Amino acid sequence: MKKFLVSIRNPKSHRLQVKPEIITLGEARSVAVLADFVKTDQQDWIVSFTNSLSSYNNNIQIIVLCKNRKLVIPETKARPIRVDRKDFLWTGAISDEKLQELPSEVDLLINVSIQTDPYILYIMKCINSGLNIAVNGNDFLQSGLYELNFETANRNNPELLAKEIASYLNSLKG
């Protein structure tokens with residue numbers, strides 16, 4: 001049984017005065033998936049999720065924050081960018097070399113990582129996105145960072161999550 005609760009941000013702040021343009025996964029010219037790896041068991045989940053998303057759009061780029069140097073980014077259909085903690089300067093900013101690897105602009109950004117991580121939030125702010133989607137980030141929906149949030153206890157099924165994101169965006173687009 002699938003259980004999804006989808007929230008749409010209520011525009012209140014200055015940035016939110018402009019209504020985001022809803023696009024489907026198929027219409028997006030570029031899609032970025034932001035993830036973090038702490039343990040090796042997360043690798044299978046992100047591979048399955050990005051491969052499922054690539055059935056809707058082939059132009060997917062995955063940005064992975066690796067919190068352990070021994071972790072290896074697995075092979076996926078998406079183009080991976082690895083970011084380590086060593087890529088951040090002592091000031092908290094990301095190094096210029098790594099910043100040039102990150103996409104400067106994407107149509108759709110999907111954050112499947114822990115939204116409270118300051119490194120993830122910094123990476124997210126470096127990428128200009130037309131539509132930001134969070135997974136299980138309901139507390140940050142009102143922060144102005146995300147337009148959509150998929151709150152799910154069914155996180156064990158990444159294929160179903162990718163299908164629901166695609167289906168919901170198609171429904172919103174009409």
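The model is predicted; local features require pLDDT of at least 70 and side-chain atom pairs count only at pLDDT 80 or more, whereas totals for chains, interfaces and linings use all residues. Residues are numbered from 1 along each chain as its sequence is written, and side-chain values use heavy atoms, with hydrogens and water left out.

The protein contains 4 helices and 7 strands, where helices (H or I, at least four residues) and strands (E, at least two) are DSSP runs numbered from the N terminus. The order of these elements, starting from the N terminus, is β-β-α-β-β-α-β-α-β-β-α. Of the 174 residues, 49% are classed as buried; buried denotes under 20% relative accessible area, exposed over 50%, and partly exposed the range in between, with a 1.4 Å probe and protein chains only. Contacts are defined by heavy atoms within 4.5 Å. Among contacts between residues at least 6 apart in sequence, 59% link residues at least 24 apart.

Strand β3 (residues 60-66) is largely enclosed by the rest of the structure, because 7 of its 7 residues are buried. In a regular strand, side chains alternate between the two faces of the sheet. Both faces of β3 are covered: on one side Ile 60, Ile 62, Val 64 and Cys 66 are buried, and on the other Gln 61, Ile 63 and Leu 65 are buried. Strands are taken to pair if DSSP finds at least two bridges between them. Strand β2 (residues 31-37) pairs with β3 in the parallel sense over 7 bridges, and within this pairing Gln 61 of β3 is the bridge partner of Ala 32. Strand β3 also pairs with strand β4 (residues 79-84), in the parallel sense over 6 bridges; here Ile 62 stands opposite Pro 80 in β4.

Strand β6 (residues 128-135) is likewise largely enclosed by the rest of the structure, since 6 of its 8 residues are buried. Strand β5 (residues 105-111) runs parallel to β6 and is joined to it by 6 bridges, with Val 106 opposite Ser 129 in β6. A parallel pairing over 3 bridges connects β6 with strand β7 (residues 148-152), in which Asn 149 of β7 stands opposite Ala 134.
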